[in-house]
Amino acid sequence: EVLPEGIKRGDRSWKTVQKCGIVKKETARYGIYYNAEARFGPIVISSRYTHDLTAAVDHLLVLNAVKLRTISGGNAPLHHRFEAAVDATFKDQGTSYETWGLRMRLRVRKHFWVGAST
């Protein structure tokens with residue numbers, strides 16, 4: 001396993017970086033549908049929902065490429081590395097993130113804002 005520069009084995013932040021996969025949901029109204037999701041640092045990116053598992057796997061491969069480019073992007077600020085990774089990955093795919101229905105969420109832990117002792 002190759003770790004990004006500045007990350008040590010066993011580092012808790014690395015465990016957050018590693019998470020990505022397919023999310024399966026099932027409802028009585030819409031049946032089974034999937035989406036790809038990748039988490040790294042405080043960023044969660046996900047694809048649009050689809051009933052086609054193979055499409056969701058394709059989305060996961062692209063999101064994983066974005067994730068890997070972001071975490072190996074050097075010492076630039078995270079938002080610059082992420083923006084460059086999205087642009088380069090979708091350019092390589094010959095498409096744009098708008099057509100994919102790419103969504104992004106920023107997750108910040110509560111104790112970051114209010115302190116760990118509250």
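I started with helix 2 (residues 53-71) and helix 3 (residues 78-93), which pack at an angle of about 140° with their axes 8 Å apart. That angle makes helix 2 oblique to helix 3 (under 35 degrees is roughly parallel, over 145 roughly antiparallel, 65 to 115 roughly perpendicular, the rest oblique). I noted a right-handed crossing of helix 2 past helix 3. I then listed the contact (heavy atoms within 4.5 Å): helix 2 gives Val 62, Ala 65, Val 66, Arg 69 and Thr 70, while the residues of helix 3 include Leu 78, Phe 82, Ala 85 and Phe 90.

The model is predicted; local features need pLDDT of at least 70, side-chain atom pairs need 80 or more, and totals for chains, interfaces and linings use all residues. Numbering runs from 1 along each chain as its sequence is written, and side-chain values use heavy atoms, without hydrogens and water.

Next I looked at the strands. Strand 1 (residues 20-27) pairs with strand 2 (residues 31-40) over eight bridges, in the antiparallel sense (pairing takes at least two DSSP bridges). The two form a hairpin with three residues between them. Thr 27 has Gly 31 of strand 2 as its bridge partner.

Last, I checked Met 104, which sits in strand 4 (residues 103-106). Beyond its neighbours within four places in sequence, Met 104 contacts Ile 43, Val 44, Ile 45 and Phe 82. Met 104 and Val 44 are 60 residues apart in sequence, yet 5.7 Å apart in space, C-alpha to C-alpha.

Terms used:
Helices (H or I, at least four residues) and strands (E, at least two) are DSSP runs, numbered from the N terminus. Axes are lines fitted to C-alpha atoms, for helices over the stretch in contact, and angles run from 0 to 180 degrees between N-to-C directions. A crossing is left-handed if the near helix is turned anticlockwise from the far one by less than a right angle, and right-handed if clockwise.
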